[in-house]
Amino acid sequence: QQLGDRLYRQITKARGDLFTSKFVQSGAPFLFLNERYKSQLTITDNALIYVERKNFDPDIVNKDFKFIVQRMMEVFEFNEDNFRVAGKIYRYVLDHPKALEVLKGLVPAFAKDPLFVLRLRPTFREDGMNIHLQFSAVEKDREPVTNLVRIECDINNSDQGVGHKLDRVMEVVAYADQYNQARLPLFLEGRL
């Protein structure tokens, strides 16, 4: 609990705009929030999760993330060589008049069935990264929303059995940004 309080003070002292409230309880994950910008930081025994819902400029988000990780390493006296998994997840909702129909067309065996919920999760490995894509139909009140598809692009390092420095973490995050800006639109254009 003391470490959570100390981390919150260190972050907000240097960057008062990042978080506006905290929930720090003994035995529970630390949670820092910014209600206005809908961002949050969760720290568990083995993970740090930073969620940004309003600011989509990757340079700003990555700079904030790196700042937070550096403060966490100082407060927790964390060994920089001990990062195992680093990743970044982008979530989108694609609006297209025939979204569900096109999604069903990706799995021809089910194209003629009356499906209204469908989830596809292809995984690729390239350049030392795991690229998990998830496509899912949208439903509301147990009825299909035929013009919407949720897309999640989760990219993380494939060499998770060894420790990495913060620079490697930031390389993985930058790769995810580059993939989502340049490669993912081309991938989707050919399929959705």
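Because the model is predicted, local features need pLDDT of at least 70 and side-chain atom pairs count only at pLDDT 80 or more, while totals for chains, interfaces and linings use all residues. Residues are numbered from 1 along each chain as its sequence is written, and side-chain values use heavy atoms, with hydrogens and water left out.

**Overall make-up**

The protein has four helices and nine strands. Here helices (H or I, at least four residues) and strands (E, at least two) are DSSP runs, numbered from the N terminus. From that end, the order of elements is α-β-β-β-β-α-β-α-β-β-β-β-α. Along the principal axes, the C-alpha atoms fill a box of roughly 60 × 40 × 30 Å.

Of the 192 residues, 39% are buried. Buried means under 20% relative accessible area, exposed over 50%, and partly exposed in between (1.4 Å probe, protein chains only). The protein exposes about 11700 Å², and carbon and sulfur atoms supply 51% of that area; accessible areas come from the Shrake-Rupley method with a 1.4 Å probe, and for residues only the protein chains shown count as cover. Among contacts (heavy atoms within 4.5 Å) between residues at least 6 apart in sequence, 56% join residues at least 24 apart.

**Strand β3 and its partners**

Strand β3 covers residues 39-43, and four of its five residues are buried, so the strand is largely enclosed by the rest of the structure. Two strands pair if DSSP finds at least two bridges between them. β3 pairs with β2 (residues 30-34) in the antiparallel sense over five bridges, and phenylalanine 32 stands opposite leucine 41 in β3. β2 and β3 form a hairpin with four residues between them, and lysine 38 in the turn has a positive phi of about 60 degrees.

Four bridges join β3 to β4 (residues 48-51), and these strands also run antiparallel. Threonine 42 stands opposite isoleucine 49 in β4. β3 and β4 form a hairpin, again with four residues between them.

**Asparagine 55**

Asparagine 55 lies in the loop between β4 and α2 (58-76). This residue is partly exposed, with a relative accessible area of 25%. Neighbours within four places in sequence aside, asparagine 55 is in contact with Ile60 and Val61. Tyrosine 37 is 18 residues from asparagine 55 in sequence, and their C-alpha atoms are 7.8 Å apart.

**Pocket and cavity**

On a 1 Å grid over the protein atoms alone, a cavity is a set of points where a 1.4 Å probe fits but cannot get out, and a pocket is an open set with protein on both sides within 12 Å along at least five of seven lines; lining residues have an atom within 4 Å of a point.

The largest pocket holds about 1400 Å³ of space. Of its 41 lining residues, the closest to the centre are Leu48, Ile49, Tyr50, Phe65 and Gly87. α2 gives the largest share of this lining, seven residues.

A search of the whole structure finds one cavity of 30 Å³ or more. Residues that line the largest cavity include Phe83, Asn157 and His164.

| Space | Volume | Lining residues by class |
|---|---|---|
| Largest pocket | about 1400 Å³ | 25 nonpolar, eight polar, eight charged |
| Largest cavity | about 30 Å³ | four nonpolar, two polar, two charged |

A volume is the space filled by probe spheres set on the grid points, which are joined across faces, edges and corners. Ala, Val, Leu, Ile, Met, Phe, Trp, Tyr, Cys and Pro count as nonpolar, Asp, Glu, Lys and Arg as charged, and the others, Gly among them, as polar.
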